[in-house]
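Dear colleague,

Here is the structure for your files. My notes on it follow below.

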Protein chains: 2
Amino acid sequence: MGQFGYFGWSGIIKFNVPALSRISLDASSELPIYKQLADSIRVSIEQGALRPGERLPATRELAGELGLNRATVSAAYALLEQSGLLQGHVGRGSFVAQRGSETSGFAFDWDGVLPEIEQSSVTPEHIAISFATSRPAKEEFPLPEFRRLSKEVIDSEGAADILQLGSAYGYEPLRRYLLARATEEQTARASDDLMITNGCQQGLDLLARLLAPSGHKVLMEDPVYHGLPRVFQRAGATICPVSIDANGMDVDAVAGLLQRHRPCVLVVTPNFQNPTGATLSLERRRRIVDLAQRFGVILVENDVYGELRYLGRDLPSLKQLDESGNTILLRSYSKVSFPGLRVGWVLAPRPVIMRLVEAKQICDLHSDQLSQAVLLRFAESGELTRHLERTRAAGRERVQALADACAAHLPVGTTFLRPEGGMNLWLELPAPLTAHALLARAEELGVSFLPGSFFSAGRPHPRGLRISFGGLPPGRITRGIQLLGEAARAVLGTHSAQWNHEPAAALV
Amino acid sequence: MGQFGYFGWSGIIKFNVPALSRISLDASSELPIYKQLADSIRVSIEQGALRPGERLPATRELAGELGLNRATVSAAYALLEQSGLLQGHVGRGSFVAQRGSETSGFAFDWDGVLPEIEQSSVTPEHIAISFATSRPAKEEFPLPEFRRLSKEVIDSEGAADILQLGSAYGYEPLRRYLLARATEEQTARASDDLMITNGCQQGLDLLARLLAPSGHKVLMEDPVYHGLPRVFQRAGATICPVSIDANGMDVDAVAGLLQRHRPCVLVVTPNFQNPTGATLSLERRRRIVDLAQRFGVILVENDVYGELRYLGRDLPSLKQLDESGNTILLRSYSKVSFPGLRVGWVLAPRPVIMRLVEAKQICDLHSDQLSQAVLLRFAESGELTRHLERTRAAGRERVQALADACAAHLPVGTTFLRPEGGMNLWLELPAPLTAHALLARAEELGVSFLPGSFFSAGRPHPRGLRISFGGLPPGRITRGIQLLGEAARAVLGTHSAQWNHEPAAALV
């Protein structure tokens, strides 16, 4: 196992930095070593063994003491810095922050006021291949085109207008362009209007607050992009999960749930759903539109990935199929061009857009106009289309490499869905493998992903996991899945004494 | 009155477009003519006299028929378009939208689902001098510097990172820069952290949702920037208004309200408050910080204008005076540089920032990074400081011109507060003048402003009004106030028969 010299350890490791004597690392735990290390240090701080202002051992030093990779120690320190327990000073090292716990040390009682925080995680620095983030490859950004077109915008006569206070509807030239395109492709009708948002996420937030306040119920796929249930839960709504298979949301289940729960909103991601990669079939699209109309429920069509189809043919959107005017379509430039530029939009019947504009005004006045102007130029010039064509070609190769690698390297009994587009593939591991156990091992091999529990809208998905492949070249994808196979075999090996399972070559 | 040929009209005007026969314009009304016209057309549409798809008279034609300025008719049409009753087609004219009322015409019952909308107003096109918007002059944007520095950012090696998915904390180099500056000026302490927002408004929205949910009470100045009470009301909180005078928020009133209402949050705009322009005195700052600490209430310091001081000396911020760690400071680049680039920030104790980051992630993932990078370059290069110096010099001239004009042209009994900075001046009209009556006349003379009722946090302010002078050159300010004086005399003339008041030259 070479550099991962702590494999096989268990129990308490003692060493000669007295304050850190409580450090306990257990290699058979499902928790990655860096998180265990961070927990031990946290306990030392909370119990007063490490005092505010005290300097911690350098990462190199502690790594040597513990026989760990230095990156593992750095990851532990980073996690503690993020939660405010440590403070890093470049060139001087890491120090215990000037308070014992997160909210103490203030005369003001923040503990009594603030809600609990979700424990956020830090990706350890030593992760060489991350399948954890659904985003495009920055190496494939069309930088020369971006630079040329941005400069055109910056030099244009309209620059001062871009820099002046704008409208909550969005930058008018972009709004007109998007509305004209949507009308052309028969997605928008005369009674529709369009508002620009800071990516789709803001569209969801504004819609959640407008349409699904406390006491309301919302139907959505499960597993689902975690930002979806959270945004509706924050607004006060209750989530009713609907299962999803290779053809998208389970329509028969929808019919039953509509009858039973009378939700106000049904959220559907029809194309290359995050995290399953599933595409809703045409027949199901028709049935969902029909059900939504019949039950008087608002249909929110979340379509961030729609333009990233690698295989097969485009299907009509729910908005195009809708005849009763109850569908709200969310789209975005962020996933298909530059995620750092936050530009999405909502296309909906005008009464909805009027309320959204009012809400947006209160929320943040309007979206940033420089990015809107740059992306408009990008779209109008044809460069967006050319970039999309290249992205689709690259995506086809990625999906091919990923599917081949999954079939070749993952244990028998693993199943996965080959996506027709987007950036995500969903794996189901065979028992007794769990996504969390696999992740702990995989991170030690330098590979990460997000376990299924992260995408829960109500159900646990202990054996499910998401492989995000949008940001990696095919060779890294293959290597990553190969390492995942190794990690799976290692975990199965640990379990085999108990469960008598053998690691094996995969078939899907 | 020349082109304003309808002065003195009243009663119903009939003319030969049969569908529009119900048009009724009353020059003695406080409602501007364009709004009266829009209302008449709305009634025609709602009662079916004008049918969906029907073409309206051209603005020129209708203006001729009614003896109105063409711009007045355009403003009425624009208002109706905005509310979805009309649809404009460039070159073809205006048509009644394909539904009778705002939400009918859909098979789906939007009326049953959506909340009431606030009637938004359109600034009529013929307004030559608008005191209505608190924003800088676009003619004074430092465009050459913006162009040069933006291109440096775009050409930089870090461009791809700017375009990639970022952090909810904000663009890390900007966050570090702002935190270092705040530490340097002793605003930030070691236990503080900083998050970038889409302007201050988003900071307020996130804080309102975090700190003041349903059932909580929030203290704030009254009158106040309308986005403040609205954002807290949307979160579910109840607003307790505190009066404000030339030295800022009434601290004696605060003490009583804290005792009586036990609010969770006290929002203060210490510098050049919007709309009053008032600056909180040092003594009151100390007392407010002390009171907030004593009552365990969170202090939200809303400081969008702080860097725009034209007269006098900078005072310490509440955050600087606070020793108990209960103060949250909001600042922004938007007002002091380019409002179209939405970059503000929240400086607060780390436990608060951690929750805000979690909320921001759900809200819109993160703020646009191109603008953050451009504004960082702008600040680091020293160009922001140079721009601020020029803006302050221009601001001094504006305030001088405005104060002189108010003293010279407004009726006896008008009072106003000469602001030490910012973009707003507050006027109180003498009885029987009301801001709404004055506005109706002023708009006919091509001048607009926002009446005091717009800034209510609970009290009506019928005689108050806000003059936003940040976007106008001194000559226009003088001319605008002169016209306002004319409008005031006209309204007083109407009333004089009843109240026996004479228009007169002003003293303040």
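Two strands count as paired if DSSP finds at least two bridges between them. Helices (H or I, at least four residues) and strands (E, at least two) are DSSP runs, numbered from the N terminus.

This is a predicted model, in which local features need pLDDT of at least 70 and side-chain atom pairs count only at pLDDT 80 or more, while totals for chains, interfaces and linings use all residues. Residues are numbered from 1 along each chain as its sequence is written, and chains are lettered from A and ligands numbered from 1 in the order in which they are written.

The sheet

In chain A, 8 strands form an open sheet with mixed pairing, in the order β4-β11-β10-β9-β8-β5-β6-β7. Its edges are β4 (192-197) and β7 (248-249) of chain A; each has a single partner strand, so one side of each has no neighbour in the sheet. Strands β5 (residues 217-222) and β8 (residues 265-268) of chain A run parallel and are joined by 3 bridges. Val218(A) has Val265(A) in β8(A) as its bridge partner.

Chain A as a whole

Chain A has 16 helices and 16 strands. Its domains, with bounds from an automatic or database domain assignment, are domain 1 (18-124), domain 2 (130-140 + 391-499) and domain 3 (143-383). Taken over C-alpha atoms, the centres of domain 1 and domain 3 of chain A are 40 Å apart.

Of the 508 residues in chain A, 52% are buried (20 or more other C-beta atoms within 10 Å of the residue's own; exposed means 12 or fewer, partly exposed in between; C-beta atoms are placed from the backbone).

Helix α12 (residues 350-364) of chain A has 15 residues and spans 21 Å from its first C-alpha to its last, close to the expected 21 Å (1.5 Å times one less than the number of residues). In α12(A), 13 of the 15 residues are buried, so the helix is largely enclosed by the rest of the structure. Leu365(A), which follows α12(A), has a positive phi, near 65 degrees.

The contact between the chains takes 73 residues from chain A and 72 residues from chain B (two residues are in contact if their C-beta atoms, placed from the backbone, lie within 7 Å). On the side of chain A that touches chain B, α12(A) gives the largest share, 9 residues. That side of chain A divides into 32 nonpolar, 23 polar and 18 charged residues. Here Ala, Val, Leu, Ile, Met, Phe, Trp, Tyr, Cys and Pro count as nonpolar, Asp, Glu, Lys and Arg as charged, and the others, Gly among them, as polar.

Regards
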